Amino acid sequence: MSEPAKLALSDGTVFTGVRFGAPGEVYGEVVFNTSLTGYQEILTDPSYNGQIVTMTYPLIGNYGINPEDVESGKLSLRGFVVRELCREPSNFRSVMSLDAYLREHGVIGIEGIDTRALVRRIRTQGAMTGVLSTTDLDDKSLVAKARSSPTLVGKDLVKDVMPEESRPWSEGLHSILLDPSTPHVTKRTGAADSGPHVVAVDYGMKWNIPRHLSEMGCRVTVVPGTSTAEEILARNPDGVFLSNGPGDPEPLEYAIETIRGLLGKKPVFGICLGHQLLGLALGAQTYKLKFGHRGANQPVLNIQSGQVEITSQNHGFAVDADSLPPGTEVTHINLNDQTVEGIRNSELGAFSVQYHPEASAGPHDSHYLFRQFLRDMQAPVAAH
Ligand SMILES: NC(=O)CC[C@H](N)C(=O)O
């Protein structure tokens with residue numbers, strides 16, 4: 001039996017659809033993702049904390065859920081919006097349906113709404129707060145709640161999703177990726193225990209990042225996003241990695257302070273939130289984009305090589321190019337809107353990208369950045 005659900009936006013628009021997943025009511029920033037596949041990686045990406053995610057692809061759930069394609073141990077997003085939910089998945093790796101998965105994790109889903117109309121609203125008005133409910137179906141009340149719910153600007157959303165303790169990382173990439181001749185066997189390679197030591201500062205890190213570092217032979221120690229520079233340096237790393245994570249980078253003063261204490265001492269590599277935090281630590285500014293970049297088909301120009309990479313992205317904030325201090329250069333730009341996608345300060349041995357070279361899900365064009373970090377770690381900082 002289908003149960004109604006509603007999504008109301010702060011601009012007064014209300015969409016009526018059908019519930020899937022858990023019942024209840026949530027508010028969050030309504031954003032959209034243009035990936036055709038990878039809903040499981042999106043659901044488990046901690047960077048979506050505080051957001052209600054809409055998929056633009058019209059049929060979601062057709063290959064089910066498997067235990068391997070997770071990017072964290074839980075679902076951090078607030079709600080999930082699709083045009084049509086596939087209730088009968090078919091895939092040799094699937095162990096349950098998307099509907100059952102959302103119910104198990106207490107996440108509300110809505111299907112059967114015109115996601116094209118919703119995305120056009122977000123694109124014209126900008127990202128908005130919305131309320132998704134299966135308990136209150138009164139349009140006026142829902143719009144009033146959407147208007148009075150707080151936005152994520154100025155909030156620390158990292159503290160909800162980062163680990164409390166440090167831990168050694170112990171997993172490489174799927175063998176399914178490494179050995180296409182045995183696609184029915186999904187095994188991971190073990191973690192490296194020699195090679196350069198990377199301390200990965202976890203602000204809500206997608207697991208495919210340390211899997212890549214491990215796969216390259218690095219020994220990886222994951223530490224909480226609140227770690228100080230002294231605590232990190234005491235672990236004697238060869239390089240420090242700054243992870244992705246949710247929300248506005250600006251209020252994360254503890255992280256910016258830590259990065260300042262590492263710059264020039266160890267090679268630093270940042271991805272997404274880590275990139276924004278590196279920018280802030282170098283003295284640049286960040287700002288909120290109108291509706292963000294989320295998908296697996298974002299074109300990025302590598303200014304140095306002249307090559308275009310098709311990239312996986314998930315961000316709503318960006319580093320302001322005009323605010324970059326001398327010595328820090330823009331290395332990559334987004335070809336859709338010319339925003340900054342990568343920066344480098346060679347003297348300090350630090351670089352970062354706004355997009356996701358670990359993909360998961362998405363194209364693999366940007367894996368070379370992990371090798372670049374490896375090269376940086378093999379040369380002392382002063383040599384950069
Ligand atoms: N994926 C991320 O790390 C996102 C970075 C930041 N929270 C943003 O939305 O811009």
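Which glycine with a positive phi follows α6? That would be glycine 217, with phi near 100 degrees. The legends below go through this predicted model one view at a time.

View 1. Start here to get your bearings. Along the principal axes, the C-alpha atoms fill a box of roughly 65 × 50 × 40 Å. A compact globule of 384 residues would have a radius of gyration near 21 Å, and this protein chain agrees, with 21 Å. Buried residues account for 50% of the 384. Now take the contacts between residues at least 6 apart in sequence: 75% of those join residues at least 24 apart.

**View 2. Helix α6, residues 208-215, is mostly covered.** Eight of its eight residues are buried. Going along the helix, they are Asn208, Ile209, Pro210, Arg211, His212, Leu213, Ser214 and Glu215. So what lies over them? After α6 comes glycine 217, the residue from the opening question, with its positive phi.

**View 3. Cysteine 272 sits in the loop between β14 and α9.** Look at its backbone: phi is near 60 degrees, a positive value in a residue other than glycine. Is cysteine 272 buried or exposed? It counts as buried, because it has 29 C-beta neighbours inside 10 Å, and the cut-off for that label is 20 or more.

**View 4. Helix α9 is largely enclosed by the rest of the structure, since nine of its nine residues are buried.** The buried set is Leu273, Gly274, His275, Gln276, Leu277, Leu278, Gly279, Leu280 and Ala281. Just past the end of α9, glycine 283 takes a positive phi of about 105 degrees.

**View 5. Helices α8 (residues 253-262) and α9 (residues 273-281) cross at roughly 70 degrees, with axes that come within 9 Å.** That angle makes α8 roughly perpendicular to α9. The crossing is right-handed. Which residues of the two helices meet here? From α8 there are Ala255, Ile256, Ile259 and Arg260, and they meet Leu277, Leu278, Leu280 and Ala281 of α9. Sort the residues of this contact by type and you get seven nonpolar, no polar and one charged.

**View 6. The loop between β19 (350-353) and α10 holds alanine 361, and alanine 359 lies in the loop between β19 and α10 too.** Alanine 359 has a positive phi of about 60 degrees, although it is not a glycine. With 21 C-beta neighbours inside 10 Å, alanine 359 counts as buried. Then check the peptide bond from serine 360 to alanine 361: it is cis, with omega near 0 degrees.

**View 7. Glycine 172 is found in the loop between β10 (167-168) and α5 (175-178).** This glycine counts as buried because it has 22 C-beta neighbours inside 10 Å. How far is its C-alpha atom from that of aspartate 337? The two C-alpha atoms are separated by 35 Å, and the residues are 165 apart along the chain.

Conventions: Residues numbered from 1 in each chain as written. Predicted model: local features only at pLDDT ≥ 70, side-chain atom pairs only at ≥ 80, totals over all residues. Axes fitted to C-alpha atoms, helices over the stretch in contact; angles between N-to-C directions. Helix = DSSP H or I, 4+ residues; strand = E, 2+ residues; numbered from the N terminus. Parallel < 35°, antiparallel > 145°, perpendicular 65-115°, else oblique. Left-handed = near helix turned anticlockwise from the far one by under 90°. Contact = placed C-beta atoms within 7 Å. Nonpolar A, V, L, I, M, F, W, Y, C, P; charged D, E, K, R; others polar. Rg over C-alpha atoms; globule rule 2.2 N^0.38 Å. Buried ≥ 20, exposed ≤ 12 C-beta atoms within 10 Å, placed from the backbone.
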